[in-house]
Amino acid sequence: MRPLLEMRGITKRFPGVVALDGVDFELLPGEVHVLLGENGAGKSTLIKILSGAYRPDGGEILMDGRPVEIRSAAEARRLGISTIYQEFNLVPQLTVAENIHLGRQPRRFGVVDRGAMERAARELLERLGIRVDPRARVADLGVARRQMVEIAKALGLRARVLIMDEPTAALSEREVRQLFRIVRRLKEEGVGVVFISHHLEEVAEIGERVTVLRDGRLVGRVSADAGRDELVRMMVGRSIEEQFPRRRTEPGEVLLEVRGLGRRGVLRDVSLRVRAGEIVGVAGLVGAGRTELARAIFGLDPADSGEVLVEGRPLEAPGPQEARRRGVGFVTEDRQGQGIVPPLSVAENLALASLERYLRGRVLVDRGRLLRRAREIVQSLRIRTPSLEQEIRYLSGGNQQKAVIGRWMLAGSRVLIMDEPTRGVDVGAKVEIYELMNRLTEEGAGILMISSEMPEVLGMSDRVLVMSGGRITGELPAEEATQERVMGLATAGSEAAVG
Amino acid sequence: MASLARRVRPRELLSRGGPLGGLVLLCAVMAVLSPSFLTVTNFFNVGTQIAVILILALGQTFVIVSGGIDLSVGSVLALAGVVFGWATAVAGLPLAPALLLGLGAGAAAGLVNGLLITLGNLPPFIATLAMLSAARGLALVISGGVPLSPIPEPVRHLGSGDLFGAVPLPVVLMIAMWLLTAAILRYTYPGRCMYAIGGNEEAARLSGIGVGRQKLLIYTLSGLFAGVAGILQTARLASAQPQAGFTFELDAIAAVVIGGASLTGGVGTASGTLIGALILGVLRNGLNLLNVSAFWQQVVIGAVIALAVMTDTLRRRRK
Amino acid sequence: MASLARRVRPRELLSRGGPLGGLVLLCAVMAVLSPSFLTVTNFFNVGTQIAVILILALGQTFVIVSGGIDLSVGSVLALAGVVFGWATAVAGLPLAPALLLGLGAGAAAGLVNGLLITLGNLPPFIATLAMLSAARGLALVISGGVPLSPIPEPVRHLGSGDLFGAVPLPVVLMIAMWLLTAAILRYTYPGRCMYAIGGNEEAARLSGIGVGRQKLLIYTLSGLFAGVAGILQTARLASAQPQAGFTFELDAIAAVVIGGASLTGGVGTASGTLIGALILGVLRNGLNLLNVSAFWQQVVIGAVIALAVMTDTLRRRRK
Amino acid sequence: GCGRGGGGGEEGQRTIGLSISTLNNPFFVTLRDGAQRAAKEAGVELIVSDAQNDAAQQQDDIQAFITQQVDAILVNPVDSEAVVPAIQAANDAGIPVIALDRGAAGGEIETLIASDNVEGGRMAARELIRLVGSGPVAQLEGIPGTSAARDRGKGFEEVIEGQDAVRLVASQPANFDRAQGLNVTQNILQAHPEIKGIFAQNDEMALGAVRALGERAGTEVKIVGFDAIEDALKAIRDGRMNATIAQQPAKMGSLGVRNAIKVIEGESVPKNIPVEVRLVTKENVSEFLGQQ
Ligand SMILES: Nc1ncnc2c1ncn2[C@@H]1O[C@H](COP(=O)(O)OP(=O)(O)OP(=O)(O)O)[C@@H](O)[C@H]1O
Ligand SMILES: Nc1ncnc2c1ncn2[C@@H]1O[C@H](COP(=O)(O)OP(=O)(O)OP(=O)(O)O)[C@@H](O)[C@H]1O
Ligand SMILES: [Mg+2]
Ligand SMILES: [Mg+2]
């Protein structure tokens, strides 16, 4: 079969980094070709060259055997290449329908036909089984729903080549199933799919072949059923023995206690405790209210009822400042919007929550001490960055995530609320983050971990809380938590709440 | 589509379309304080007085919605007026080509702004600041620093005539431009692109929108609107003045922002801009009616602008 | 820390710190065209001439780095000057309390801006636009619309005296304020918060930074700097004028933006602002030396601003 | 430099610097033209700079003259007091300074060539009273805080307050701008439709008032302006305005240059050279028309 698409000797340099170094890639019609690699390996860069976002410094691209130049996103579209980007490319102020049709709104006599646009969007969303109102503003949607809109936007194009850069990172089990059903249907229609994911179990399930990148170079190409261990070895250059290396510690005193927290329309009577040395997982479907819970605990959204206690004392003036001072940290799920400060350096981003801890006198920041600590964190988290002074926006997604976690370590938080802590993080780094969580709990910290990744919840939690419709519908000790029981609790009554 | 329009409009006016609450409050206070305020003639007075600023502000709305800023509108107004005045009063051209030249000068200045921003890669603030200076200079050079007249009767009529013996023509023109702006923003492809570019330029680009071309169009439109405002100003004053529109850019931007648009882009409506211009216009009109002393006027204007917009923000927050 | 500072500074100056290339080019051209340009006295002339604008622009840098804008600086300059002038010339207070009152008026105006933005929830553009009008009005009211004098000799000396018989005092003050600004931005907690808030306000808030309190501080600082500029302007003119600083806000913002700061926040340096102010100052000085006609000056200023910034953008892109 | 390049060859050519407050106003353009004409006749070089109504800019302009070592400086101050340090600097450099139109509060000035704005305001008031007879009138003020606005307003109000037939019922700022003159007049008429006359502190605003009044301008409502700019003179000729105060800016400019040459050549000049203020009405308007 002739490849639908070929890339030969692609090279791309950024200031201080060679992101891609002579990489070859090919895609057959009807194939799902998985791109694997650690954070910063160059996967997104490669596909951005395909989608017209970047111009390569060297190499060539062929479609149907003919060389093509992809100078802009519009050109990529004309060639039938459609992309789901890793970092969302939606316009928050516009509606879902308009985002889906962005740049190709249906027009009648030069006038945008909103009716037709909304009908088409509604049809598309229904066909994909996505429950989002086409007239909702994207700004009002949570991360998961945005991801689904992004998917709908790409699928609306009827492309020959579909690129998916970590489409499952923000989705929970059910949405992933739904997405895979769609991908299989596209495959049958002869669409070639480039699929990027850090979830290795998805590789064999959906993919045909796997291309592995490391440090911008091609490591090799294998069949998708090569097995997890083999793939990991190719990606990280060593084998990773244990995927979820949770080391239990004896729980100590209660660090975080939530009593009857309620917030109209989103949370109902939520109570929980996190002890020192404990990881408490929070599972649930998209829209279960987990993020809302985290925000309410951290004092970002005012609660209507209930209270939050840290080390036995209630938070007096709920809000991030008080929470931080009391040793509570919050790693948000929306890394771009609420996590990183794009124009600032890695060091500055790491220091963001601890500036007050590194003061000389009352106002001078002791940059020396701060930078030494920041360097330690960068090393211990293995954040890949050319220097501490690199602007964080140029780091790969996974490395940005590590920096955001590192921020709270630098701030010395004892209670960490982590909302999707390993979203978009590669296998190697994931294990490093898990090790980090182990280390933190061993040092007496308590972690509240919200995750849509079932294996992660089951593998890393000491206790699992399951949420549905803004309530905690059940609590399972680690030994009793199985996928079936968690899913059972997660779907209990969720229909009513999400509707 | 009709049903959609019905659904969207009142909501837009009330919540996104700007501080209607502030305007209503302001009008109520004025009506109580001055018996002359709530009359038909005064209503049209205010309309005539804001016409020029509103037309500038409507052009500015395109720019601000798309995440940019156009500081040059006041100067471009003067340039367009002077080019028109020169063409008709000095070069003796007939009306139509003179008008075309004037409007063309406005659009050309806007196009240059757009080129500086897209090809020259300048921030809009810098590009249009440069044009603010250059267009004013050109207006002075072309006019020799003096007002140009006579202005042909049809144009003078535009400044002082009325429709059905009641509605002043500047008000008619202003309403036409407002409807045009609303239609462009809401229903056309370039209009929707403005929101997309202002909301997330990268996303717009990656969605295949020709961002550069759209920006050229956006700034050209703003220049063209400034040209229309320049002709109208010339018509009202019956002479083309090189110093016309001095510091009008601030009023125009203020009208857009008071009307609820955000300088970070992606938000803003034609109705909001209208309300913003009305707040400024009613305020100045009212202060004149009340004969507030020159010094205190400025204090009051400042306080009322803050209050008018705050009313709205608070109202919206309470909801 | 020392090693870091050494590593950062030249890069900052060259690539982030603004269009140094444009400035160098501009100076080179001027030096060739006018023999009077490259002299020590002219160098200090330019310095004296930009001192007021630069001090305003430095205060503005805090605001712009934090993602805001302060339109009121020109009016606050006048207010501070007039309050000082009133205190010394009318109320007959001794120098120190009069100075404190003047600077205090500037800081208070800035604080009100901050309160309108944080508590009043107004966009910075609106809040400071309101202050632009109100502070000017207050300056007129306090002064009764007339320039206030005499200004005490020590202050007049600040405007016209020099250090070691060579360096004009306005230049000394300006350099001191520049160093202070650089230190605040680079080494202090509030300074680092400005970058964080401007870069991503939400992330800053979630990291436990008291965004509201910092904003109050930021606008108060800008007001205070405007106060210093007001005293200096009064010193230079030997009278406190209610009309002082009219439209200076545009120059101040322009200096910051020409210096490489972004109006979307998170980017900007004190050195960049200095370079921006120098470009504007050298340009005006040079045009005077060359005796370019008043009308054409504005055209040339526009063209050179665009070119100066473009030089830098192109150079950076090529790298 | 190129400004002096031409003069550099001819040894001994005089150079005079003229710092004008603003060229955004035809009045000062006329003043400059008068000065340029006189300079040409006398064969001296005249360097003009425009301070754009900015007192600080004017200091810079004068500083530039000093750097260029001109032989004399003509200054039309943006503000009387603000200009003092610059004049002192010129004094220090030994360059004689002559003030035009507006005086300086300090420093050494060879002579002040100016018309009296307060007297002009009084003259305008007397004419408006004569025209209106009795009834309410309004005033359009210039930019608050400027000396022209202050002095003209002072003279006008002084005379109006000294009698009972004509009352000043509204006085509002229109910032010396024609468009604002138009808007503010409309608004004043709204509140006081019975207005019989308007005094505008400059002709630009007066012409705005003319536009606002339409047919009623000059007939039902009398309009008195200030400055006697070309457009105002035409309006008076056509009966749409009734009077203005002529300041003879061209004369001011030429007197400035002539006296500067006298000073350079060591002749003495009087401390004050008054340029008479003249009332322009329909009767004598032809004298002024085209003269500029
Ligand atoms: N615009 C840019 N400027 C500078 N460096 C960049 C830029 N974009 C990416 N890089 C760098 O290029 C390398 C490859 O990044 P890329 O985003 O392709 O990684 P990735 O494989 O997609 O990682 P992840 O799994 O974390 O998404 C990284 O070192 C990254 O820091
Ligand atoms: N910004 C918002 N405005 C309005 N409603 C919201 C917003 N964010 C979330 N919601 C709604 O609140 C409910 C809870 O959403 P939340 O994001 O907390 O769910 P979650 O369990 O964290 O799911 P996810 O996996 O998406 O993070 C959902 O019904 C969601 O639609
Ligand atoms: Mg990636
Ligand atoms: Mg969530």
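1. A:Glu333 is buried, at 18% relative accessible area, where buried means under 20%, exposed over 50% and partly exposed in between (1.4 Å probe, protein chains only). This is a predicted model, in which local features need pLDDT of at least 70 and side-chain atom pairs count only at pLDDT 80 or more, while totals for chains, interfaces and linings use all residues. Residues are numbered from 1 along each chain as its sequence is written, chains are lettered from A and ligands numbered from 1 in the order in which they are written, and side-chain values use heavy atoms, with hydrogens and water left out.

2. Now to the metal beside that residue. The magnesium ion (ligand 4) is coordinated by A:Thr291 (OG1) and A:Glu333 (OE), at 1.8 to 2.7 Å. Donors here are N, O and S atoms within 2.8 Å of the metal (3.2 Å for Na, K and Ca), and sites may look incomplete because water is not among the atoms. A:Thr291 sits in helix 9 (residues 290–298) of chain A and A:Glu333 in the loop between strand 18 (328–331) and helix 11 (335–339), so the pair ties together parts that are 42 residues apart in sequence. Helices (H or I, at least four residues) and strands (E, at least two) are DSSP runs, numbered from the N terminus. A:Thr291 is partly exposed, with a relative accessible area of 22%.

3. What coordinates the magnesium ion (ligand 3)? The donors are A:Ser44 (OG) and A:Gln86 (OE1), at 1.9 to 2.1 Å. A:Ser44 belongs to helix 1 (residues 43–50) of chain A and A:Gln86 to the loop between strand 6 (81–84) and helix 3 (96–100), so parts 42 residues apart in sequence are tied together. A:Ser44 is buried at 18% relative accessible area, and A:Gln86 counts as buried at 18%.

4. On to helix packing in chain B. Helix 8 (residues 169–187) and helix 11 (residues 211–237) of chain B pack at an angle of about 175°, with their axes 12 Å apart. Axes are lines fitted to C-alpha atoms, for helices over the stretch in contact, and angles run from 0 to 180 degrees between N-to-C directions. That makes helix 8 of chain B roughly antiparallel to helix 11 of chain B (under 35 degrees is roughly parallel, over 145 roughly antiparallel, 65 to 115 roughly perpendicular and the rest oblique).
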